[in-house]
Amino acid sequence: MDELDEVLEEAKEEKKIPAIVKTLAIISYVGNSFYALLMLAIIFLLESFKSEFVNQIEDADVSTDDFMLYMVVGCIILIIASIACIIGAYKMTKGKKWGFFVYTLFNALWVVALIMGGTPQGIVMGIVSIGFILGFASQLRHYNK
C-alpha cells in the first residue's frame, strides 16, 4: 500500500499543462523550424549572390568575404536560437519551467534580429514573438521546477 500512496502523491504533484501551452508550442515548432530552414537556405545561397553583394557594399572597411562571413555566422546563431526555442517549447509542454527561460532567452535573439532588420514584416514578427513569450509567461504557474 505504501507504493500505491507514493504513486498517488506523485500524480497529484504533477500539474496539468493547459492546452494553450501545447497550442503555442506547436505553432512555435512550425515557426522556428521554418526560420531555421530559411537560415540554412540563406547560407547555401550566399555564394550565388556574392556578385550582388560586391555591388551593394558601400562601406570600404568591410570586404565582401568579411560580409559573407558575418552573414554565415549570423545565420548559424539564428539556427541555434531556433533549435533552442523548439527545445524550450517542448520542455514547457512537459511542465518544465526552465524550458520557459530557454525559450525566452533565445526567442529574444530572434526579436532583436527581426526588429533590427527594420522591415515592416520583421517588426510585426518581432511583436508576434513577444506575444508568444507573454503567452507562455502567463502560464508559468502550471510548470514544475
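How many nonpolar, polar and charged residues does the lining of the second largest pocket have? In this predicted model, that lining has 8 nonpolar and 5 polar residues, with no charged residue among them.

**Largest pocket**

- The space in the largest pocket comes to about 370 Å³, and its lining is made up of 16 residues.
- Nearest the centre of the largest pocket lie Met39, Leu78, Trp110, Ala113 and Leu114.
- Four helices, namely H2 (19–45), H4 (64–93), H5 (97–117) and H6 (120–137), each contribute at least two residues to the lining of the largest pocket, and the largest share, 6 residues, is that of H5.
- By class, the lining of the largest pocket consists of 11 nonpolar and 5 polar residues, and no charged residue takes part in it.

**Second largest pocket**

- About 200 Å³ of space is found in the second largest pocket, whose lining is formed by 13 residues.
- Gly31, Asn32, Tyr35, Met125 and Ser129 are the lining residues that lie nearest the centre of the second largest pocket.
- Two or more residues of this lining come from each of H2, H5 and H6, and H2 gives the most, with 5 residues.

- Helix H5 provides the largest share of the lining of the largest pocket, whereas for the second largest pocket it is helix H2 that gives the most.

Definitions and conventions. Residues are numbered from 1 along each chain as its sequence is written. This is a predicted model: local features need pLDDT of at least 70, side-chain atom pairs count only at pLDDT 80 or more; totals for chains, interfaces and linings use all residues. Side-chain values use heavy atoms; hydrogens and water are left out. On a 1 Å grid over the protein atoms alone, a cavity is a set of points where a 1.4 Å probe fits but cannot get out, and a pocket is an open set with protein on both sides within 12 Å along at least five of seven lines; lining residues have an atom within 4 Å of a point. Grid points are joined across faces, edges and corners, and a volume is the space filled by probe spheres set on the points. Ala, Val, Leu, Ile, Met, Phe, Trp, Tyr, Cys and Pro count as nonpolar, Asp, Glu, Lys and Arg as charged, and the others, Gly among them, as polar.
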